Amino acid sequence: MTRWGILATGHIAGRFAEDLRLVPGAELVAVGSRTRESAELFAARHGVPRAYASWAELAADPDVDVIYVATPHAAHHEATMTCLAGDKAVLVEKPCTLDLATTTELVETARRRGLFLMEAMWMRCNPIILRVVELIAAGAIGEVTHVRADFGAAGPFPPEHRMRARTLGGGALLDLGVYPISLAHLLLGVPQQVRAWARLSPEGVDENTGLVFGWDSGAVATLSCGMVGATAITAAITGTTGRIDLPEPFYRPGAAVLHRAGAEPETIPADLTGGGYQHEAIEVQRCLAAGLTESPLVPHSATLEVMALLDDIKAEIGVSYD
């Protein structure tokens, strides 16, 4: 049995708690928050035996094996460091932190202490996404030449919302753009060329962002994210002999549609049981059982490379976080 703790009590924490019920061998035993009231309300809602009024108390619980950090991303670094100091394995929400330097510190700390650490990029653990990767590796669409993906939310977000707060790492890029960027990285690796443009909000965070990546192979990616209009949230992966379409939402689609040259489209259905968060929990437990300190599906290298891309994009569009 793997004993889980959840650090934070917001919407994503609740969705993860519900999906954890679908994971064989998982037991949610504790929750931690900065206030006792919030922790106790979450515990009552999700049937959690122990509620702690601080992150440190949760990290010190000897009956917790792994902690899921579900705070807003500006707090990921502090929360994860607290958990690692308590010798806990950690699954930390994406993006791992606000910048490459602090993400690197988390990775180095986990490695030095011999502890498991994984960024919760759940898309990379989704069976249908893994199937798409397998198909491409097997040559189903030839050599990948183009990745297109978008993630835009309708809004409008009021000035006090976290999406507009610089101090909380607000804006579309870290919250939404990390998905299309991670998809392109998953399929093609680190691009050799990165171009970005964004319209910034009065608070100085990106509201509408366009990205073009280029690889020495000749492949390109055209990506976008925003919080000023609901986009299709779809993706298309084009190769020299075919294309794979991922319908809305592309990071957890109900199917993948394979188009081969000269053949009828083939629909590959996905299992949409639960909310989709159970797959990353299953991967964490698999790694812990195998004695691994990082996941081959979401390796530290991928987390660091994507964070480096995010840093480059922030610099180009003029966004910084205080």
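Helices (H or I, at least four residues) and strands (E, at least two) are DSSP runs, numbered from the N terminus. The model here is predicted, so local features need pLDDT of at least 70 and side-chain atom pairs count only at pLDDT 80 or more, while totals for chains, interfaces and linings use all residues. Residues are numbered from 1 along each chain as its sequence is written, and side-chain values use heavy atoms, with hydrogens and water left out.

**View 1. Gly-10 sits in a loop between β1 and α1.** Gly-10 is partly exposed because its relative accessibility is 39%; buried means under 20% relative accessible area, exposed over 50%, and partly exposed in between (1.4 Å probe, protein chains only). Now find Ser-33: Gly-10 and Ser-33 are 23 residues apart in sequence, and their C-alpha atoms are 9.8 Å apart in space.

**View 2. The largest nonpolar core has 87 residues.** A nonpolar core is a set of buried Ala, Val, Leu, Ile, Met, Phe, Trp, Tyr and Cys residues joined through side-chain atoms within 4.5 Å. Trp-4, Ile-181, Phe-213 and Phe-250 touch the most other members. Helix α7 (residues 172-188) gives this core its largest share, 10 residues. There's also a second, separate core of 22 residues, including Leu-7, Val-29, Leu-84 and Leu-115.

**View 3. Zoom in on Phe-250 and its contacts.** Contact means heavy atoms within 4.5 Å. Skip the neighbours within four places in sequence, and Phe-250 still touches a list of residues, among them Met-123, Ile-129, Tyr-179, Leu-183 and Ile-233.

**View 4. Helices α4 and α5 meet.** The axes of α4 (residues 76-85) and α5 (residues 100-113) come within 10 Å and cross at roughly 5°. Axes are lines fitted to C-alpha atoms, for helices over the stretch in contact, and angles run from 0 to 180 degrees between N-to-C directions. So α4 is roughly parallel to α5 (the cut-off is under 35 degrees). On the α4 side you'll see residues including His-76, Thr-80 and Leu-84, and on the α5 side residues including Thr-102, Leu-106 and Arg-113.

View 5. A disulfide is a pair of cysteine sulfur atoms within 2.5 Å. Cys-125 counts as buried at 5% relative accessibility, and Cys-287 is buried at 0%. The disulfide count comes to zero.

Methods:
Parallel < 35°, antiparallel > 145°, perpendicular 65-115°, else oblique.
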